[in-house]
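Reader: Hi! I have a new model open and would like to talk it through with you. Could you help me find my way around?

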Amino acid sequence: MDAEHFSGPPPLLVGMVPGQHPEVLKTAVTLAQKLSSPLLCAYVDEASYLVEWDPARSAHRLSLHPDRDDDDIRSVTTELKAAIGSALQDGGPAWTLRTLAGDPARALGRLASEVNAPMIIVGTPERGFGHRITELLNGSVAAWLTHHQSRPVLVVPFRMAAHQDRPE
């Protein structure tokens, strides 16, 4: 289903990444059901890049919403669709998955504005040294969104006690 064809209220926007803790999607599904809203799940391909934005050119639309269909993107979208299907086993809201390009926080912000999403839902960063270095270099998606959005941002915590090394 395409986001532009949802009937009723605008969709809740959910930022997704492969291997993401399922709590993020479960929380989004529960909230969407309670609000009778569809879900717009979005994955940002950081390996792609944005061309210079120029309203006079049509290339900017393709850049924001890439139509790349290589093996990597197919693999990621297959994994994410399986995760969404698993979270919606008992039925649930209408949903779609979109692939975006560029910086994840800015891409999610643009998409939220484009579809007039009432809320953006993201997870907290994974724990570990590698994820800390990535966050240090790229910044936190959740932090950027909470500081630069005019709409609410729900940050779903990675539910693991601070004293544990691994999720249960």
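Predicted model: local features only at pLDDT ≥ 70, side-chain atom pairs only at ≥ 80, totals over all residues.

Reader: What order do the five strands of the open sheet have?
Author: The order is β3-β2-β1-β4-β5, and the pairing is parallel. The edge strands are β3 (95-101) and β5 (153-156), each of which pairs on one side only. On average, neighbouring strands in this sheet are turned by 25° against each other, direction ignored.

Reader: How many bridges join β1 to β2?
Author: Five bridges join them, and the two strands run parallel. L13 has L40 as its bridge partner in β2. From β1 the chain passes through α1 to reach β2, a right-handed β-α-β crossover.

Reader: And β2 to β3, how many bridges there?
Author: Seven, again between strands that run parallel.

Reader: Which residues of β2 point which way?
Author: L39, C41, Y43 and D45 point one way, while L40, A42 and V44 point the other way. Side chains in a regular strand alternate between the two faces of the sheet. Seven of the seven β2 residues are buried.

Reader: Where does helix α1 lie?
Author: Helix α1, residues 22-35, lies across β1, β2, β4 and β5, and runs at about 175° to β1.

Reader: Now the inside. Which members of the largest nonpolar core touch the most other members?
Author: Those are V14, M16, L39, C41, I84 and I121, out of 20 residues in that core. At least two residues come from each of β1, α1, β2 and α3 (71-87), and α1 gives the largest share, with five residues. Apart from this core lies another, of 16 residues, including L13, A42, A112 and V122.

Reader: Switching topic: why does H148 count as partly exposed?
Author: Because its relative accessibility is 49%, and partly exposed covers the range between the buried limit of 20% and the exposed limit of 50%. You will find H148 in helix α6, residues 141-148.

Conventions
Residues numbered from 1 in each chain as written. Heavy atoms only, no water. Pairing = 2+ DSSP bridges. Helix = DSSP H or I, 4+ residues; strand = E, 2+ residues; numbered from the N terminus. Axes fitted to C-alpha atoms, helices over the stretch in contact; angles between N-to-C directions. Contact = heavy atoms within 4.5 Å. Buried < 20%, exposed > 50% of the residue type's maximum accessible area, 1.4 Å probe, protein only. Core = buried A, V, L, I, M, F, W, Y, C linked by side-chain atoms within 4.5 Å. Right-handed = clockwise from strand over helix to strand, strands pointing away.
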